[in-house]
Amino acid sequence: MAPKSKRTDSPAPKATPSPEQKRKRKSVGGGNEDLRKLTRPQGEFYGNIGTGFWTFFIPVAIYYFYGIMVMHEGRLVIPDASFWKDLIWSLPDGLSIRPCWGPTAVSLTWVALQALGEMILPGQIKDGVKLKNDRCLPYPMNGLLCFFLSHVGVYLACHYGIIKPYYVYLNMGALLTEAVITSYVMALWLYIDYGIFWERHVNDPEFEEDHGVFNLKDMPNDFFMGVVRNPRLFQGILKVPFDLKRFWNARPGLTGWVILNISYLFSIYYGCKLPSAYSAGESRFFGDHEGKSATIQKLFASDPSGYCNEVGDLSNIGPAAVFITLAHWYYILDYNIVEPAYLTTTDIRHDLFGFMLTYGDWGFLSRFYPITFMGFLAHQGSSSTGFITDNYFYAILGVLMYMNGMLLFRITNIEKHLFRDHMNSGGTADKYRSPWSTRIFFGDKKPEYIKTKEGSLLLCSGFWGLARHFNYVGDLSMCIGWAVVCYDPKAPFPWLPLAYCTYFWLMDCHRCWRDEVRCSKKYGDDWIRYKQAVPYAIVPGIW
C-alpha cells in the first residue's frame, strides 16, 4: 500500500477569489467571457462527425456482442434485420434488450446505494492534483470499505431471496438498455446544466477556464467529450462535495463490474443454460442468424423459469471461470487499496465528463466487461460441449501472462505516484528513494526527472525511463492473458474476449496519442526535452 500522503487530511478550504477574479465573475452574468478560454483539446475523435458516430455506434456494437452471446454462444454472425428483431422481440423479458422495470429498478437502486456509501462512509480525505484554477479538490478515500460492504449487501439480497444469485444471466439485456438510457440522460443534463448554463457554476471550486459550451454547433463533440471536468454536487451541504465523475467510475462502475462477474459465476454453478440453435459439428467460429432465426424464435418461446437449476454443481466451474472472477476482483481490490493514486491519473486530471464517460463507466465498463469474459464462459453451458472446465494448458498460460502484466501495471504506477507524492509534499530528489520494486530492476539510484516551466515533474528514470507510457504495457498484457484463459479448442472461438482485447489496445493507443498531443501543447519545449530523454511512447525499442 502506498504511504499516507503528507497533504492535509481535512477538506481543502475554498480559495478566496482575488479582486480580479471577483471583478470577472461579477461580469459573467452580463455576457462577459473574460473568465473563459477554450483550452481543452479539440478534434480528438475527429470533431462532430467522429463523436456523433461513436455516440451511437458504441451502444449498438455492445448490443451486437450481447446478441451473439445469448443467441449464438459467441459465434460471429451478420447482424441483419432478423438479428435485431429477435434480439428485441423474440427473447423473454430480461434477456431481451427491451427495457424492463425490474432490472431498471435493481440497477438504479445499486447506484443510489453506492452514492450513499460515497457520502456517508468514513475515510481519510485526500487532495487531488492542482487544477488549472490553482485549486486542489478534496476526495473521500472510503473506497475499500464501500467495496466490501457492496459484497455484503449483494450477499444479503440473495440470501433473503430479494434477487437470485444468477440474476445477471437472465437480465443482462434489460440492464444494457437501462445503462444506455441513463448514460444519455446524464450526458444531456451535463451538457445543459454545466455547458449551456455554465454561468451558474463560476463560483464552484472546480470551475475552470475551459468549462461550458463555447459554440452550439459543436454540440455532438461537446455532448460526447463533455463540457466540465469534475462536476460536484451538494456544495455547502456535504463536508466534501460529491464528485460525480470520480464516483461514476469508481463506485457503480468498477465495483459493478466484479459483482456482475460473480453473478455470472453463480449462473455457471447453477447450470444455467439457454436453448441452443446449434448442434455438435457445426462451426465454432461463425453462425448464420437468418438461417437460425425461426429456430431461435421457437426455442425462446418456452418458459424461461427453467433455464437455471435449483441446486448448484461445483463441477460446472472450470479454471477459466475461477481465474477470471478472481483476477478482475483483485484488479478492483488493488484499485481501492491504492485509491489515492487514482487522483493523479488522466481520468481525474484531464478527461472531461460527457457521454464518453457516462456511458464508458456504466454501459461499457460495468456491462461490456462482464459480457466479454464471464458472460462468454457462462453461456458456453448452452453449447454442445458444455461449460469450459478442462482447458488447463491455456488456463496456465493465460495466468502467467496476467501475472506478468499485473506486476508491471502495479509497480510502474506506484513508482510514479510515490515520486510525485514525495516531491509535491516538499521533499527533494536527493532524499527520495525508489520503491524496492524499482530498485531490484534498476538499482538504488537517484531519480532523474525534468521539471517543466509550469512546475510539473516528468520522471525519466526507472520504468519511466523505458517509455513515456510504459504503464500501459501491463494493461495490454493482462487482457491478452484473460483472453487466452477463455480458449478451449472444443468450444466456440472466444471472439468476445478478443473483442475486449481489441477495444482495449485501441483505447490505450488512442489515449497515448491524446496524451502526447495534450502534453506537447502544455509543456512545449520541455516536452521535446522529455521525448529526447525518453524516446519511446509505450514499447521500448519499437514504439
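Author: Let's begin with arginine 75, which counts as buried because its relative accessibility is 4%; buried means under 20% relative accessible area, exposed over 50%, and partly exposed in between, with a 1.4 Å probe and protein chains only. The model is a predicted one, so local features need pLDDT of at least 70 and side-chain atom pairs count only at pLDDT 80 or more, while totals for chains, interfaces and linings use all residues. Residues are numbered from 1 along each chain as its sequence is written, and side-chain values use heavy atoms, with hydrogens and water left out.

The partner of arginine 75 is glutamate 73: their side chains form a salt bridge with an N to O distance of 2.8 Å. The term stands for a side-chain nitrogen of Lys or Arg within 4 Å of a carboxyl oxygen of Asp or Glu. Glutamate 73 counts as buried too, because its relative accessibility is 4%. Searching the whole structure gives 21 salt bridges.

Glutamate 73 also leads us to serine 382. Once the neighbours within four places in sequence are set aside, serine 382 is in contact with Glu73, Tyr169, Lys273, Leu274 and Ser276, where contact means heavy atoms within 4.5 Å. Serine 382 sits in the loop between helix 13 and helix 14. For the element names, helices (H or I, at least four residues) and strands (E, at least two) are DSSP runs, numbered from the N terminus. With a relative accessible area of 10%, serine 382 is buried.

Glutamate 118 and arginine 251 join their side chains in a salt bridge at 3.0 Å, N to O. Because glutamate 118 belongs to helix 4 (residues 101–120) and arginine 251 to helix 8 (residues 244–269), this pair ties together parts that are 133 residues apart in sequence. How accessible are the two partners, glutamate 118 and arginine 251? Glutamate 118 has a relative accessible area of 4% and is buried, and arginine 251, at 1% relative accessibility, counts as buried as well.

Another salt bridge brings the side chains of lysine 292 and glutamate 282 together, again given from N to O, at 3.0 Å. Here lysine 292 is in helix 9 (residues 289–299) and glutamate 282 in the loop between helix 8 and helix 9, so the parts tied together are 10 residues apart in sequence. Lysine 292 is buried, at a relative accessible area of 16%, whereas glutamate 282 counts as partly exposed, at 28%. Returning to glutamate 118 and arginine 251, the two belong to one network, in which salt bridges with shared partners join Glu118, Arg246, Arg251 and Glu339.

Where does aspartate 351 lie? Its place is the loop between helix 12 and helix 13 (355–378). Its side chain makes a polar contact of 3.1 Å with the side chain of arginine 514. A polar contact is a pair of N or O atoms within 3.5 Å; within protein, one must be able to donate a hydrogen and the other to accept it, and residues adjacent in sequence count only if both atoms are side-chain atoms. If residues up to four places away in sequence are not counted, aspartate 351 touches Arg229, Lys245, Thr346, Leu357, Arg511 and Arg514.

Tyrosine 46 is not a glycine, yet its phi is positive, near 65 degrees. It falls in the loop between helix 1 (19–28) and helix 2 (47–72), and tyrosine 46 is exposed, with 72% relative accessible area. Phenylalanine 234, also not a glycine, has a positive phi of about 60 degrees. This residue is in the loop between strand 3 (232–233) and strand 4 (242–243), and phenylalanine 234 is partly exposed, its relative accessible area being 39%.
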